Amino acid sequence: MKVRRVATHDGETPMTITFAHARFQDLSLLELHDILWLRNEVFVVGQKITVEPEVDGQDPACVHVWGRDADGKCVATARVFLDCDPVKVGRVAVATGLQRSGVGSELMAAVHTVIGARDAALSAQAYLETWYRRLGWTSVGERYDEAEIPHIWMVRLAPAGGPGAPSSKLNNS
């Protein structure tokens with residue numbers, strides 16, 4: 001577990017977020033519940049995504065990354081398909097009240113730790129493209145609709161010469 005302090009919206013009140021990660025089969029029932037609850041709150045309730053099921057049957061193949069605040073509430077989560085080449089990142093979600101507070105950047109730092117020195121790809125909501133670029137991701141190809149929301153395919157290359165050195169598997173085709 002990694003503990004990180006991030007500023008809240010007022011920019012002055014730091015909060016402590018504790019990040020952890022585990023494969024699906026190693027999650028407790030409470031951890032799984034909290035991860036799925038947050039994703040439902042962000043994607044289904046907040047963004048009104050109902051054209052695709054939030055629980056899509058792919059979670060058992062993932063390592064899940066999540067962050068809890070000092071009260072134990074799950075406030076950030078993402079899933080990582082480590083067995084894919086390149087590694088695939090998805091379902092990046094931050095509690096609505098903590099978006100734009102730094103929690104998402106800290107979540108992605110935890111995701112980057114899980115990815116390690118491997119190539120990675122994600123389907124980013126287009127309005128977050130600039131934010132992902134600041135975190136080291138690069139856009140590939142044209143925008144497209146996913147769940148009726150504009151998205152862009154993005155990649156993060158492994159360090160040159162390291163395990164998982166850049167490959168031709170990084171496009172969305």
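Tutor: Helix H1 (29–46), strand E4 (74–81), strand E5 (87–94), H2, strand E6 (120–125), helix H3 (129–134), strand E7 (138–146) and strand E8 (149–156) each give at least two residues to the lining of the largest pocket. This is a predicted model, where local features need pLDDT of at least 70 and side-chain atom pairs pLDDT 80 or more, while totals for chains, interfaces and linings use all residues. Residues are numbered from 1 along each chain as its sequence is written, and side-chain values use heavy atoms, leaving out hydrogens and water.

Student: Which element supplies the largest share of the lining of the largest pocket?
Tutor: Helices (H or I, at least four residues) and strands (E, at least two) are DSSP runs, numbered from the N terminus. The largest share of that lining is 7 residues, and they come from E5.

Student: What does tyrosine 132 contact, beyond its neighbours within four places in sequence?
Tutor: Contact means heavy atoms within 4.5 Å. With those neighbours set aside, the partners of tyrosine 132 are Val92, Met108, Leu122, Ala124, Trp137 and Met154.

Student: How many disulfides does the structure hold?
Tutor: A disulfide is a pair of cysteine sulfur atoms within 2.5 Å. The sulfur of cysteine 84 has its closest cysteine sulfur in cysteine 62, 8.0 Å away, so that is too far for a bond. The number of disulfides in the structure is 0.

Student: Is cysteine 74 buried or exposed?
Tutor: Buried means under 20% relative accessible area, exposed over 50%, and partly exposed in between (1.4 Å probe, protein chains only). With a relative accessible area of 5%, cysteine 74 is buried.
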